Amino acid sequence: MRKRLGMITPSSNSVLEPVTSAVLAGTSGVTAHFSRFRVTEIALDAAALSQFDASVMLPAADLLADAKVDAIAWNGTSASWLGIQRDMSLCEAIKARTGVPATTSTLACIDAARALQARRIGLVSPYTDDVQRRIGHVWAEAGIAPHTERHLGLRDNFSFGEVEPRVIAGMIHAVAAEGADAVVILCTNLDGAGLAASLERELDIAVLDSVAVTLWRTLSLAGGDINTLSEWGRIFRTAPVIR
């Protein structure tokens, strides 16, 4: 049965759409559909935080619902510094408005870490020092205190998509060397999905890319077969299905 997946997308993100399309390229009957709203920077000041107000995100969900999608994801990680409850409330609001079940990248990453029973999470991101510290606190409050982390100190959202995969791989190697048993690439504008499977084999750890994991959770929520994407990483092969 055909599955349509709706993705609410940050306007300056140049990675998640092509990566999502690449992951789904060999899968019959599953398509992804995108709706944007304006996001240009990641910081903790009022202007940056206001970008993620539900009032500007929900209209994007409304437009996706017009395409009769089977599940909707906020394909961004903002709740990792705004608080997990923000995404839980957003998902409830999307379901109430559209009748379509919803998830988010942050909730998907947390679900994936729990599903794989990861104990020592390494967080890899492009964010600034203060944002990364806040993420550590928020994840700890959700019961997943990061064991180790690496970040790049960037603020401009477009610049995240310009980070070369070798830089991302270097951060993953660094946190793996510090004892992480799972690495979360926490940003849907970092081009890390293509690294996951090979680094999992090399390092014998789970590598959870935000874009791939959001797709894993959204497809599961839509009732699709996640095993068809097994070549993209451990999460698609070994994690239990979550509806």
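Q: Which residues is L190 in contact with, leaving aside its neighbours within four places in sequence?
A: Happy to start here: this is a predicted model, where local features need pLDDT of at least 70, side-chain atom pairs count only at pLDDT 80 or more, and totals for chains, interfaces and linings use all residues. Residues are numbered from 1 along each chain as its sequence is written, and side-chain values use heavy atoms, with hydrogens and water left out. L190 lies in the loop between β7 and α10, helices (H or I, at least four residues) and strands (E, at least two) being DSSP runs numbered from the N terminus. With contact meaning heavy atoms within 4.5 Å, the partners of L190 are V15, S125, P126, F160, V163, I168, I185 and D209.

Q: Is L190 buried or exposed?
A: Buried means under 20% relative accessible area, exposed over 50%, and partly exposed in between (1.4 Å probe, protein chains only). The relative accessibility of L190 is 1%, so the residue counts as buried.

Q: How do β7 and β8 pair, and what is the handedness of the crossover that links them?
A: Two strands pair if DSSP finds at least two bridges between them; β7 (residues 182–185) and β8 have four, in the parallel sense. From β7 the chain passes through helix α10 (residues 196–203) to reach β8. A crossover is right-handed if, with the strands pointing away from the viewer, the path from the first strand over the helix to the second runs clockwise. By that test, this β-α-β crossover is right-handed.

Q: Which residue of β8 does V184 stand opposite?
A: Strand β8 covers residues 206–209, and A206 and L208 point one way while V207 and D209 point the other way, with all of them buried. The residue in β8 opposite V184 is L208.

Q: Which residue caps the N-terminal end of α11?
A: Here a side-chain oxygen lies 3.0 Å from the backbone nitrogen of V211. The residue that supplies this oxygen and caps the helix is D209.

Q: Which side chain makes a polar contact with the side chain of T106?
A: T106 is found in helix α6 (residues 105–115), and its relative accessible area of 0% makes it buried. A polar contact is a pair of N or O atoms within 3.5 Å; within protein, one must be able to donate a hydrogen and the other to accept it, and residues adjacent in sequence count only if both atoms are side-chain atoms. At 3.0 Å, the partner is the side chain of S80.

Q: What is the phi of D204, which is not a glycine?
A: D204 is found in the loop between α10 and β8, and with a relative accessible area of 63% it is exposed. Its phi is positive, at about 55°.
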